[in-house]
Amino acid sequence: MTTAPAPVREPSWELPRSAIGLWTVESAISTVILWLGAGAFLLFVPASAGGPVPVLRWVLPALALLHTVVAVGIRPWVKHRVYRWEITAEAAYTRTGWLTQTWTLVPISRIQTVDVSRGVLQQMFGLATVAVLTASSQGTVRIWHLEHGMAQRVADDLARRAELVRDQAT
């Protein structure tokens, strides 16, 4: 008699609150670029150009303002609320997405490599990303924006457990 696999459940762990700060800074940078583009349009395209230009002269700033409110004021908090991760005895998995949710699960026995990476902004916020890789490119789990010490411990633990599973299989 075989047992049915356990259903996919909600991962237990959320990201540290400093991830909100990182996402806010990333959004602020993209928003500045957007405002520079909108400002260049307003500066270099004369209102008298005709066609849709007069409408675009007020629509672009309105859309840029809407983008700023959502990207800087709302998105970081929602991302923090919906992103979850967990490492169990059997697997590493994450749940991402707010409109479309994606669960990614990698069995410990399939892990080939565990990487820790830190981008420039992640370093500023003391964060790191753990990538759990398998032979399949579709099987990668990325646990984004963990505190650096936690990321290192998670990576070390996963690498050790994957090695134990490989040793037991041979």
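Of the 24 residues in the largest nonpolar core, which touch the most other members?

Analyst: The model is predicted, and every value below is computed from it. In the largest nonpolar core, which has 24 residues, the members that touch the most others are W85, I111, V130, I143, L146 and L158. Two or more core residues come from each of α1 (18-44), β2 (84-87), β6 (127-133), β7 (141-147) and α4 (148-169). Of these, α4 is the greatest contributor, giving five residues. In soluble globular proteins, nonpolar side chains tend to be buried together.

L158 shows the contacts of one such member in detail. Leaving aside residues up to four places away in sequence, L158 touches I87, A92, I108, I111, V114 and V132. One of these partners, I111, is itself among the core members with the most contacts to other members.

Beyond residues up to four places away in sequence, T94 is in contact with P11, Y83, R84, W85, T102, W103, T104, V141, R142 and I143. Two of the residues in that list, W85 and I143, also belong to the group that touches the most other core members.

M124 gives a contrasting case, located in helix α3 (residues 120-125). With a relative accessible area of 61%, M124 is exposed. M124 is 102 residues from L22 in sequence, yet their C-alpha atoms are 8.5 Å apart in space.

These local views belong to a chain of four helices and seven strands. In sequence order, the elements follow the pattern β-α-α-β-β-β-β-α-β-β-α. The radius of gyration is 22 Å, well over the 15 Å that the globule rule gives for 170 residues, so the chain is more spread out than a compact globule. The C-alpha trace spans about 75 × 40 × 25 Å along its principal axes.

Burial and contacts can also be stated for the chain as a whole. Of its 170 residues, 32% count as buried. Among contacts between residues at least 6 apart in sequence, 53% join residues at least 24 apart.

How values were computed
Residues are numbered from 1 along each chain as its sequence is written. This is a predicted model: local features need pLDDT of at least 70, side-chain atom pairs count only at pLDDT 80 or more; totals for chains, interfaces and linings use all residues. Side-chain values use heavy atoms; hydrogens and water are left out. The radius of gyration is taken over C-alpha atoms; the globule rule is 2.2 Å times the number of residues to the power 0.38. Buried means under 20% relative accessible area, exposed over 50%, partly exposed in between (1.4 Å probe, protein chains only). Contact means heavy atoms within 4.5 Å. A nonpolar core is a set of buried Ala, Val, Leu, Ile, Met, Phe, Trp, Tyr and Cys residues joined through side-chain atoms within 4.5 Å.
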